[in-house]
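Let's take a walk through this model together. Have a look at the fold, then read on.

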Amino acid sequence: MARQASAWRWSIAAWLALIALGLSWELMLAPLRPGGSWLALKVVPLLLPLPAMLRGSAYAMQVALFIVLLSVLEGSARLFEPAPVAWLAAMQCALAIGFFVAAMDYLRPMKIAVKLRTQSSWAASKS
């Protein structure tokens, strides 16, 4: 149980860091246009599951696993741009993969419990 709680904390920290990185990247650090760009709206999909994730919702965490793949794709595509953007893209990829691993670790006990319940109810229905 402590491992699952730790995985939840790490996944939330990585998710919040992805939001902060996305905003700071496009508004201050290396915006597409001087003064910031509308590309900062890329964090909106990251904000949608956040309230439910903070409550520990397994469903929201599963949705977030799909959303975070967009961050991996963007980071991978922008990894080969000039210096400041490449570093930010590498950070984005690292945070997204870190979130993915932590979220999977958080969800694993729940998935095992569901599988065991399903197997036991299936076995009970057969007898």
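Helices here are DSSP runs of H or I with at least four residues, numbered from the N terminus. A helix's expected span is 1.5 Å times one less than its number of residues. This is a predicted model, where local features need pLDDT of at least 70, side-chain atom pairs count only at pLDDT 80 or more, and totals for chains, interfaces and linings use all residues. Residues are numbered from 1 along each chain as its sequence is written, and side-chain values use heavy atoms, with hydrogens and water left out.

Start with α5, residues 83-126: its 44 residues reach 62 Å from first C-alpha to last, close to the expected 64 Å. At Leu-107 the helix bends by about 35 degrees (the angle between axes fitted to the seven residues ending there and the seven starting there). Pro-109 follows within four residues.

Buried means under 20% relative accessible area, with a 1.4 Å probe and protein chains only. Among the buried residues of α5 are Phe-99, Tyr-106 and Leu-107.

| Helix | Residues |
|---|---|
| α1 | 2-29 |
| α3 | 50-54 |
| α4 | 58-78 |

Over in α1 sits Gln-4. Why does Gln-4 count as buried? Because its relative accessibility is 14%. Leaving aside neighbours within four places in sequence, Gln-4 is in contact (heavy atoms within 4.5 Å) with Tyr-106, Pro-109 and Met-110.

Definitions and conventions. Helix = DSSP H or I, 4+ residues; strand = E, 2+ residues; numbered from the N terminus. Buried < 20%, exposed > 50% of the residue type's maximum accessible area, 1.4 Å probe, protein only.
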